[in-house]
Amino acid sequence: MKSSPPRDFGSVRLAYINGCKDAFGIPAIILGSTYMGFGALVSETGLEIWHALLSSGINWAIPGQIATMELYAVDASLFAIAAAVALINCRLLPMTIVLMPHIRNKTTPKIAYYFMSNFIAVTGWAAAMRQCPLLPEEQRFPYFIGFVIPLWSICMLSTAVGYYLPGILPGEITMGLVFLNPVYFMLVFVADFTQPGRPTALILGAILGPLTFLLSPDWNLLITGLIGGTIAFYIAERQTRRKIRKVKTE
């Protein structure tokens, strides 16, 4: 007999509402502050506010957005900017592939998944990977929508507010807001240390990052992610198979 999921909000509507509640907390504060810093960065670059809003609206991944502004500031070509952003954001593809089985259900049209894939970023992905597997199948996608749409809206508003921050707050503070995001990401993953492979991936990243930087400063993140992620994946797979065999023998 199939056991029920460990968590059940009771309905699709309540799953959406609880997703919103989870978003309006630390995630909203951290991402809102980060995008205020991004808006200030765009303002300092000399672009218009609609450039900032368009970037946050269709990109919504702060590393790629910052790279866009920095490359624009040094008069890089459009091709170079597009190539750099594509390389930075390609990390979202495996994240999407991993997440989809956990939020897919039999009644939602496929077009909805294609549309919502634009809202997959680290914060929403981490929350969905932590909560959705515990929910009944029909509540997973509504929870994800309820979590990411409010966050996206807050980021859009914060981008507009941040655009007008230069001259009001010291530049060191407005630029420093951008770096709250990676610190938050690290804390999110540390909180999930019980998940197979997560501790290994973080530890290997901390060790390999400085070493690969000495080898190739331009490619060190890609090399570190490929090596560390691959090793962590295989270790997690072995741990999972070992647990399955243990359960079967008991």
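The legends below describe close-up views of a predicted model.

**View 1. The chain as a whole is built from helices, with 13 helices and 0 strands.** Followed along the sequence, the elements read α-α-α-α-α-α-α-α-α-α-α-α-α. The chain comprises 250 residues, of which 41% count as buried. Its accessible surface amounts to about 14,600 Å², and carbon and sulfur atoms account for 70% of that area. Among contacts in the chain with a separation of 6 or more, 78% are between residues 24 or more positions apart.

**View 2. The second largest pocket of the model has a volume of about 280 Å³.** Its lining consists of 14 residues, and those closest to the pocket centre are His51, Ser55, Thr68, Met69 and Ile81. Sorted by class, the lining of this pocket contains 10 nonpolar residues, 4 polar residues and no charged residues.

**View 3. Helices α3, α4 and α5 contribute to the lining of the second largest pocket.** These helices span residues 49-58 (α3), 62-73 (α4) and 78-89 (α5), and each of them supplies at least two lining residues. The greatest contribution to the lining comes from α3, which provides 5 residues.

**View 4. Cysteine 155 lies in helix α9, which covers residues 137-163.** The relative accessibility of cysteine 155 is 1%; this residue therefore counts as buried, because the category takes in values under 20%. When neighbours within four places in sequence are set aside, cysteine 155 is in contact with Leu31, Tyr35 and Trp60.

**View 5. Cysteine 155 and isoleucine 29 are separated by 126 residues in sequence.** In space, the C-alpha atoms of cysteine 155 and isoleucine 29 are 9.8 Å apart.

**View 6. Cysteine 132 is buried in the model.** Its relative accessible area is 0%, and the residue is therefore classed as buried because this value is under 20%. Cysteine 155, at 1% relative accessibility, is likewise buried. A disulfide is a covalent bond between the sulfur atoms of two cysteines. The structure holds 0 disulfides.

Key:
Residues numbered from 1 in each chain as written. Predicted model: local features only at pLDDT ≥ 70, side-chain atom pairs only at ≥ 80, totals over all residues. Heavy atoms only, no water. 1 Å grid on protein atoms, 1.4 Å probe; cavity = no way out; pocket = protein on both sides within 12 Å on 5 of 7 lines; lining within 4 Å. Points joined across faces, edges and corners; volume = space filled by probe spheres on them. Helix = DSSP H or I, 4+ residues; strand = E, 2+ residues; numbered from the N terminus. Nonpolar A, V, L, I, M, F, W, Y, C, P; charged D, E, K, R; others polar. Buried < 20%, exposed > 50% of the residue type's maximum accessible area, 1.4 Å probe, protein only. Contact = heavy atoms within 4.5 Å. Areas by Shrake-Rupley, 256 points an atom, 1.4 Å probe, with all protein chains shown as cover. Disulfide = S-S within 2.5 Å.
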